[in-house]
Amino acid sequence: MELQPRGWFNSLRFLVTRPAFIWINGLTLGVLGALGWFARASGKSYRFAVLFKDPYSGGPFYQAFFTNFSEVIWCIALAICLFCFGLMRSLDRRYDWFFLATAGVIAMLLLDDLQRISLVVKYGWGVPKVAMYGLYMVVIATYTWLFRRRIARDTPYPLLLIMVGMFLISAMSDVFGNENRQPGRFALFEDGTKLIGLMNLMLYCWLVGQQEVKRLVARAGGDR
């Protein structure tokens, strides 16, 4: 049972026709686009940036709305992977290390997002953000190499490519962008693209987890 046909182009073409992909990406892009247009038309683009601010300082009621929403999406993706790992072990009597490793990578990035580890080591120890991003890339590359056959054979990997692309744009905006000059545009390229990547990561985990549950159910039905 495969989530998509073989070949990158066929996989992408199959994926973009799925209702879940269309709805999730359509709504995310629509909301971000509408808010960005309104902020620019009203001449108050800083209000768009406030939606992605840290939630620890005082501000309007909508401050950090997308920041908090992003943390929820991280947690949903993490919970799906951990749930599937436990389910495989309890029902199939085996450890599915793919789900545990995926959960580990998500937990690493979630911790950085929550605790601002990149900023802590930058201002506390003088380690530049580029070094931390490089470390994360090494971990992700190692994970991809170890599970490359599983990812290519059994998962809708174009979603991962979209996520990686969005995260790269976000990281480059963070390193080379200027938040003070154009806060609205900076927030869109750094945090907006990361939100799009997160939505596709959540969809990826959901589809892969759903597939594995269906496999278990089909196998259990065949054994009767």
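Student: In which helix does S173 lie?
Tutor: This is a predicted model, where local features need pLDDT of at least 70, side-chain atom pairs count only at pLDDT 80 or more, and totals for chains, interfaces and linings use all residues. Residues are numbered from 1 along each chain as its sequence is written, and side-chain values use heavy atoms, with hydrogens and water left out. Helices (H or I, at least four residues) and strands (E, at least two) are DSSP runs, numbered from the N terminus. S173 lies in helix α9.

Student: Is S173 buried or exposed?
Tutor: Buried means under 20% relative accessible area, exposed over 50%, and partly exposed in between (1.4 Å probe, protein chains only). S173 has a relative accessible area of 12%, so S173 is buried.

Student: Leaving aside its neighbours within four places in sequence, which residues is S173 in contact with?
Tutor: Contact means heavy atoms within 4.5 Å. With neighbours within four places in sequence set aside, the partners of S173 are F186, F189 and E190.

Student: V164 is also in α9. Is V164 buried, exposed or partly exposed?
Tutor: Look at the relative accessibility of V164, which is 34%. Because of that value, V164 counts as partly exposed.

Student: How far apart in space are V164 and L198, C-alpha to C-alpha?
Tutor: In sequence, V164 and L198 are 34 residues apart. In space, their C-alpha atoms are apart by 9.7 Å.

Student: How far does α9 reach from its first C-alpha to its last?
Tutor: The expected span of a helix is 1.5 Å times one less than its number of residues. α9 has 19 residues, with an expected span of 27 Å. Its reach in the model is close to that, at 27 Å.

Student: How many helices and strands does the protein chain have?
Tutor: Read along the sequence, the pattern is α-α-α-α-α-α-α-α-α-α. The count is ten helices and zero strands.

Student: What share of the protein chain counts as buried?
Tutor: The protein chain has 224 residues. Of these, the share that counts as buried is 41%.

Student: What is the volume of the largest pocket?
Tutor: On a 1 Å grid over the protein atoms alone, a cavity is a set of points where a 1.4 Å probe fits but cannot get out, and a pocket is an open set with protein on both sides within 12 Å along at least five of seven lines; lining residues have an atom within 4 Å of a point. Grid points are joined across faces, edges and corners, and a volume is the space filled by probe spheres set on the points. For the largest pocket, the space is about 1100 Å³.

Student: Which lining residues are closest to the centre of the largest pocket?
Tutor: The lining has 39 residues. The closest to the centre are D113, Y133, D174, E190 and K194.

Student: Which helix gives the most to the lining of the largest pocket?
Tutor: Helices that each supply at least two lining residues include α4 (65-92), α5 (97-115) and α10 (183-223). The top giver supplies seven residues, and that helix is α9.

Student: How many charged residues are in the lining of the largest pocket?
Tutor: Ala, Val, Leu, Ile, Met, Phe, Trp, Tyr, Cys and Pro count as nonpolar, Asp, Glu, Lys and Arg as charged, and the others, Gly among them, as polar. The lining has 19 nonpolar and seven polar residues, and the charged ones number 13.

Student: Which residues line the largest cavity?
Tutor: The space in the largest cavity is about 30 Å³. By class, its lining has six nonpolar, one polar and no charged residues. They are C81, F98, F99, T102, Y204, C205 and V208.

Student: Leaving aside its neighbours within four places in sequence, which residues does I106 contact?
Tutor: I106 is one of the buried residues of α5. With those neighbours left aside, its contacts are W74, A77, L78, C81, L201 and C205.

Student: What is the phi of R116?
Tutor: Most residues other than glycine have a negative phi. R116 sits in the loop between α5 and α6. Its phi is positive, near 55°.
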